[in-house]
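Dear colleague,

Please find the structure below for your review. My notes on its disulfides follow.

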Amino acid sequence: MLLGKRLYTALMFVLVSILGGVLMAGLLVPVVGIAASSGRDAVLGVNDLPTELEAPPQWERSKLLSSDNKVLAYFYDQNRTYVSLDNISPTMRMAQVGIEDHRFYEHGALDLTGTMRAFVSTSQGNTQGGSSLTQQYVRMVLVEKAEASNDATAKIAAKENTVARKVRELRYAIAVEKQFSKDQILEFYLNMAYYGDGAYGVEAAARHYFGVSAANLDLAQSAMLAGLVRNPVATNPKTHTVAAIERRNNVLDRLTELDLVTADQATAAKAVGFDTSKVVDSRTGCANSEFAFVCDYAYMTLLNSPSLGSTAEERKQRVYRGGLTIKTQIDTAAQRVAQKAISKQVSAKDPVISVVTMIEPGTGMIKAMAQSRPEMGTKKGQTYYNYAVGSDMNGADGFQGGSTFKMFVAAAALENGFGVNTSYQVAQRHDYKGEIFDTCDGPVKWPVSWPVSGTASEVGSYNMLRGTAQSVNNYFVALEQSVGVCTSVKMAQRVGLKMANGADLVATQGNYPSFTLGAVEVTPLSLTNAYATFANRGIHCDPIILQSITTADSTNLEVPSANCQRVVSQGVADAVNEVFQTPYSSGTLRSANISNYTLAGKTGTVPDNKAEWTVAYTPDLVTSAVISVDNNQKNWGKFWAAHRRNLNGLRLPDSGTTLSGFGSEVGRLIVAPAMKKALDDLDKHTKFSDPPASVLNGDTVTVPTCTGLSVDACKKAVTNAGFRAYVKKTSSTTVAAGSIIGLTETGKAGKGVPVGILLSTGPPTAPAPPVPKK
């Protein structure tokens with residue numbers, strides 16, 4: 001029977017008086033250690049307390065999901081999943097009420113009978129709790145509020161064993177009973193209670209200890225959980241099985257005494273043991289995830305998401321306490337295949353690093369992000385670096401991109417009217433000291449020796465198609481001279497390439513001709529993303545990993561946008577895609593083709609074979625992979641001192657793989673198997689679009705005349721018109737030796753095509769007279 005408001009106040013005074021010793025003279029109950037003044041002070045302060053308990057939202061764990069809704073990780077300060085009362089089994093409700101407050105539905109905020117009985121029992125040396133279930137809930141709320149605010153004083157006040165605390169809890173309990181029904185209070189209690197071993201709330205506890213939902217708890221399970229609340233550490237069934245079973249059986253005995261279960265039901269429940277094999281551990285954070293660094297990238301993205309709070313700390317608390325469902329676009333099948341492809345070639349304990357990233361061009365969604373050291377930690381073969389990203393996202397130093405950067409020079413050339421027939425005479429080795437390069441600081445005569453070499457076969461005339469197919473270094477340095485270093489670097493930055501250290505790409509690299517050969521440490525993710533801009537026909541999307549964030553009440557929160565926008569014309573992008581199909585059709589990547597798919601892409605080999613790359617793409621998917629020397633001096637300094645820091649011919653000590661140091665290798669062994677699975681799983685397969693002939697052919701430019709000019713003046717005129725000038729000596733009966741006969745092209749010609757200056761050597765030498773026969 002519920003007590004009235006006046007009776008509550010009177011009984012509260014009686015209780016406090018008893019606890020304070022005011023009325024103890026008339027009772028044959030010894031009171032130890034409680035001063036009468038403290039009781040009187042507590043009573044006098046009752047009306048100064050708030051009349052409503054402001055309960056903060058109960059902390060709930062958040063979960064990170066893959067694109068197919070598989071759990072990648074949990075984040076929580078308290079492992080809790082809130083459930084409504086009708087999703088908690090009746091036996092669990094009955095067991096918790098029976099052992100903690102069996103008259104819960106009969107009394108108000110205070111169970112006077114239980115309190116008096118507990119006081120008498122405790123005073124006689126048999127400690128017994130007397131708080132009602134509502135009072136216990138109030139205590140939980142006060143403790144959690146103190147912890148949430150990180151208020152040390154409030155934490156002490158919420159747990160101190162004083163009359164003042166009891167009075168404060170009772171006043172709040174009265175307010176709670178006025179505001180909520182008994183069923184609501186029980187629901188709050190069951191979701192807030194700590195059941196040990198990191199499990200907060202009955203749903204998390206049921207799934208942790210028994211692998212079932214709270215709705216399906218049976219009597220034996222319910223009794224065990226109900227018994228945990230009073231001492232969740234000492235009766236934890238995972239670590240103290242005997243004590244937990246004994247406590248469970250005590251609960252069952254109490255339920256039998258109360259006629260809530262029959263003796264036979266209790267006996268049957270007591271016969272059930274505890275199966276430790278059914279314990280389901282749910283550890284928090286990314287270190288426990290199968291895909292630790294995918295998880296970490298998603299987590300870092302969440303910490304930068306304004307929809308979760310105005311500061312990084314607020315966002316962190318929202319992730320760890322807010323009960324969010326965070327869905328990524330990660331394809332678990334593609335992720336596992338990528339990881340398998342890496343691990344088959346490179347061990348976590350090898351002195352090299354391998355990374356695979358996949359991006360969906362039209363959306364910027366990251367489909368996979370794998371690395372040769374997939375586990376977080378400090379042991380050998382473990383790391384806390386996400387090698388796919390930059391330092392701002394827990395990344396490392398990045399990797400030089402090698403010849404993968406040639407795409408940016410080609411794109412800049414095509415955009416500026418240099419067609420695919422732009423041709424140069426290439427030597428196997430050429431030193432560019434003294435030659436002019438158009439940098440971001442203007443034309444610069446390169447002041448130091450810079451020899452660039454190629455293979456023995458890379459000699460002769462190359463156009464853009466052949467130069468790309470065979471990755472001819474000196475062709476692309478010449479092309480960069482024509483289009484400009486600064487223009488090429490700006491193109492790379494525009495389509496998404498980023499330095500690993502976060503520095504501005506143009507500001508730091510816009511004056512260096514070595515850019516075309518990839519002598520810059522960049523992040524694998526940004527290189528994949530830059531190629532995705534061309535795969536997406538010139539529209540750049542920022543790489544994103546979050547598909548959705550949903551709160552516990554099903555509200556959708558804003559996720560970071562991909563900010564897709566056009567940065568290169570469609571025609572230029574289509575032309576780039578056409579040019580970069582040649583490595584797969586007739587060049588360095590022929591051995592890495594994937595049957596039934598038309599691929600574009602590029603190999604990359606860093607000078608001295610310190611890293612090998614392949615970037616491959618279709619309009620639907622971009623994949624990059626790299627194997628690089630690990631430059632960590634502390635871990636691998638001695639190893640590399642003995643092995644020249646060179647991958648060519650290197651046998652990896654742990655995996656046993658022998659590397660060539662050339663990009664085609666990583667394309668064949670890692671990119672092809674990883675990408676095939678991902679492509680096969682796509683619902684659509686888009687074909688590359690044919691580029692406009694106007695872009696492929698380039699601009700048509702008027703060829704200058706060199707009448708009356710010196711050779712040097714003619715070279716300058718031809719070069720300024722947009723052509724590549726070269727000198728071709730030939731005999732002439734009409735033009736004196738050393739004078740210009742004319743040019744190999746007249747009228748109009750495609751911008752960038754070679755134009756020869758025909759230089760007279762004088763009349764042809766007369767043939768020697770025949771030697772008379774003897």
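**Disulfides in the predicted model**

Cys 486 is buried, its relative accessible area being 10%. The model is a predicted one. The partner of Cys 486 is Cys 440, and the two sulfur atoms of this disulfide are 1.9 Å apart. Cys 440 sits in the loop between β9 (436-439) and β10 (442-445), while Cys 486 belongs to helix α19 (residues 485-495); the pair therefore ties together parts that are 46 residues apart in sequence. The link of Cys 440 and Cys 486 is right-handed, with 90° about the S-S bond. Cys 440 has a relative accessible area of 31% and is partly exposed.

A further disulfide connects Cys 541 and Cys 564, with an S to S distance of 2.0 Å. Cys 541 is in the loop between β14 (539-540) and β15 (546-550) and Cys 564 in the loop between β16 (556-557) and β17 (565-566), so this pair ties together parts that are 23 residues apart in sequence. Because the torsion about the S-S bond is about 120°, the disulfide of Cys 541 and Cys 564 is right-handed. Cys 541 is buried at 3% relative accessibility, whereas Cys 564, at 39%, is partly exposed.

Cys 286 and Cys 295 also form a disulfide, with sulfur atoms 2.1 Å apart. The link of Cys 286 and Cys 295 is left-handed, with -75° about the S-S bond. Cys 286 is buried at a relative accessible area of 7%, and Cys 295 is buried at 0%.

A search of the whole structure gives 4 disulfides. Counting bonded cysteines along the chain, their pattern is 1-2, 3-4, 5-6, 7-8.

Yours sincerely

Technical notes. Residues are numbered from 1 along each chain as its sequence is written. This is a predicted model: local features need pLDDT of at least 70, side-chain atom pairs count only at pLDDT 80 or more; totals for chains, interfaces and linings use all residues. Side-chain values use heavy atoms; hydrogens and water are left out. A disulfide is a pair of cysteine sulfur atoms within 2.5 Å. Buried means under 20% relative accessible area, exposed over 50%, partly exposed in between (1.4 Å probe, protein chains only). Helices (H or I, at least four residues) and strands (E, at least two) are DSSP runs, numbered from the N terminus.
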